[in-house]
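This briefing describes the pockets, cavities and aromatic contacts of one protein model. Please look over the sequence and the structure before reading on.

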Amino acid sequence: MTQNYFRDFSKYTLFNVIGMIGLSCYILADTFFVSQGLGTDGLAALNLSIPIYNFIHGSGLMLGMGGGIQYAIQKTQNDHVAANRTFANTIYLLILLSAIFVLTGIFFSGNIVSLFGAKQNVFSMSKTYLQVILFFSPAFLMNNVLLCFVRNDGSPQLSMAAMITGSLSNIVLDWIFIFPFQMGIFGAAFATGLAPVISMAVLSIHFIRKKNAFHFNLSRPNLRRLLDILSGGLPSLVAEVSSGIVIILFNSILLNLSGNIGVAAYSIIANISLVIVAIYTGIAQGTQPIVSHHYGIGNNTGIRAVFKYALASMLLLSIIIYSILFICSPQIIALFNSEQNLLLQDIATEAMRLYFIACPFVGFNVILSGFFTATEHTKPAQIISLLRGFFLIIPITFILSYLFNMIGTWCAFPVTEGITAVISLIFLFLIKRSKNKMF
């Protein structure tokens, strides 16, 4: 029986981690090609726009994870009517959020990038990037929803293939639009916007082959169902939004401490961070269908087995990731430093070695929050997400940057995640002591 748990864990997690790495490379590809084609100003402009992408991506994950968890539990319990209504209500929320994002792009792009600190040429590039990304927000949202539902519908391989195909298309289109076509920052944003469209074209295979157990049936929105979707997906939203908040906060502090060079250095760190967090998110999301299935049938043994595999994988990956980043940081930074700016190289290298001390703490918090959500322990999951995204990171960053300048700024992230990990352990201990000995 244990061997079956490991087989299922490996199948779902491996495919999802690979897919999430591909998905996270949307912006990383932009960072690389923008750095080569547009230099330091382009990097600064891109980093000032990334927080809005975090909001969009987080909203898509909220809908996909929240709806997917409900769908997986209802499907396990053979309640197909409720499962289809869950999908329909997820789509209703998607339409509402899409309208908000698109209208924001049309009317408020300039105000947003000004608020984030963009000026002169950086302002123009940031505004262009932001407008295009917000225009494509319905595609980002729908892609995330379909990825989660198809994964929970028993096709993790197809979800992985869709994510990787979308990411690879973004890389190719980035190069075409920025260099041969000379489309500048607009080309980078346009390539990123087309990626989820291409990903959804791959996901359509699931429906063409009629393998989908979920369907959109027109029905009235149900407030309770809508709230369940939002509640289940909220930790995913907060996790992504917190990344955006951290970027905004760091950009503001770094602009004062070291100007656009500091923001450009952080742009490299922030984008690598997106990929690393995506690996941990991939483990959490990959285990979600299995955990929700075992939760639906009341199999606590299966939940505990998958939980142990997830933690062991996270720790091993954290050791490998940090070792590579510490040893190879100068070479990694050089890839994005097309102007060979020595100050940028020094700042970013030091930042990388300090910032990513957080790796095992981030992994633990993301995975534990994911397990809590998948088993309908939404409150501790929400608290974990809010602590690391708002209530701890903001004051800690201000305090450490004031006391230790740049070094304090880079250390704020690992300190925040470390404190949150301790609180996460307390939640885990309390649930273990409860009557429902799930973990």
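**The largest pocket**

The lining of the largest pocket comprises four nonpolar, five polar and two charged residues; here Ala, Val, Leu, Ile, Met, Phe, Trp, Tyr, Cys and Pro count as nonpolar, Asp, Glu, Lys and Arg as charged, and the others, Gly among them, as polar. The model is predicted, so local features need pLDDT of at least 70 and side-chain atom pairs count only at pLDDT 80 or more, whereas totals for chains, interfaces and linings use all residues. Residues are numbered from 1 along each chain as its sequence is written, and side-chain values use heavy atoms, with hydrogens and water left out.

- The volume of the largest pocket is about 210 Å³.
- On a 1 Å grid over the protein atoms alone, a pocket is an open set of points with protein on both sides within 12 Å along at least five of seven lines, and a cavity is a set of points where a 1.4 Å probe fits but cannot get out; lining residues have an atom within 4 Å of a point.
- Grid points are joined across faces, edges and corners, and a volume is the space filled by probe spheres set on the points.
- The residues that line the largest pocket are Asp8, Tyr12, Ala72, Lys75, Thr76, Asn152, Gly154, Pro289, Ile290, His293 and His294.
- Helices α1 and α7 (223-297) each supply at least two residues of this lining, and α1 gives the largest share, five residues.
- Helices (H or I, at least four residues) and strands (E, at least two) are DSSP runs, numbered from the N terminus.

**Cavities**

- There are three cavities of 30 Å³ or more.
- The largest cavity holds about 420 Å³ of space.
- Of the 30 residues that line the largest cavity, Ala239, Glu240, Val277, Val366 and Arg388 are the closest to its centre.
- At least two residues of the lining of the largest cavity come from each of α1, α7, α10 (359-374), α11 (378-391) and α12, and α7 supplies the largest share, 17 residues.
- By class, the lining of the largest cavity has 15 nonpolar, 12 polar and three charged residues.
- The second largest cavity contains about 120 Å³ of space.
- Among the 11 residues that line the second largest cavity, Ser24, His57, Glu240, Leu274 and Ala278 are the closest to its centre.
- Two or more residues of the lining of the second largest cavity come from each of α1 and α7, and the largest share, six residues, is from α7.
- The lining of the second largest cavity divides into six nonpolar, four polar and one charged residues.

- Gln70 is in helix α1 (residues 2-76).
- Gln70 is buried, with a relative accessible area of 14%; buried means under 20% relative accessible area, exposed over 50%, and partly exposed in between (1.4 Å probe, protein chains only).
- Beyond its neighbours within four places in sequence, Gln70 is in contact with Thr86, Asp228 and Glu376, where contact means heavy atoms within 4.5 Å.
- The C-alpha atoms of Gln70 and Phe87 are separated by 9.1 Å, and these residues are 17 residues apart along the chain.
- Gln288 lies in helix α7 and is buried, with a relative accessible area of 1%.
- Not counting residues up to four places away in sequence, Gln288 touches Met65, Gly68, Ile69, Ala72, Asn152 and Ala374.

**Aromatic rings**

- Rings of Phe, Tyr and Trp (its six-membered ring) pair if their centres lie within 6.5 Å; planes under 30 degrees apart count as stacked, over 60 as edge-to-face and the rest as tilted.
- The count by this rule is 28 aromatic pairs.
- One of the pairs is stacked and joins Phe177 and Phe190, at 5.4 Å centre to centre with 25 degrees between the planes.
- This pair links distant parts of the chain, 13 residues apart: Phe177 is in helix α5 (residues 156-178) and Phe190 in helix α6 (residues 184-208).
- Phe177 is buried, with a relative accessible area of 9%, whereas Phe190 is partly exposed, at 25%.
- Tyr355 and Phe413 also form a stacked aromatic pair, at 4.5 Å centre to centre with 15 degrees between the planes.
- That pair too links distant parts of the chain, 58 residues apart: Tyr355 is in helix α9 (residues 342-355) and Phe413 in helix α12 (residues 393-433).
- Tyr355 is buried, with a relative accessible area of 3%, and Phe413 is buried, at 9%.
- Phe135, Phe136, Phe177, Phe181, Phe186 and Phe190 are linked into a cluster by ring pairs.
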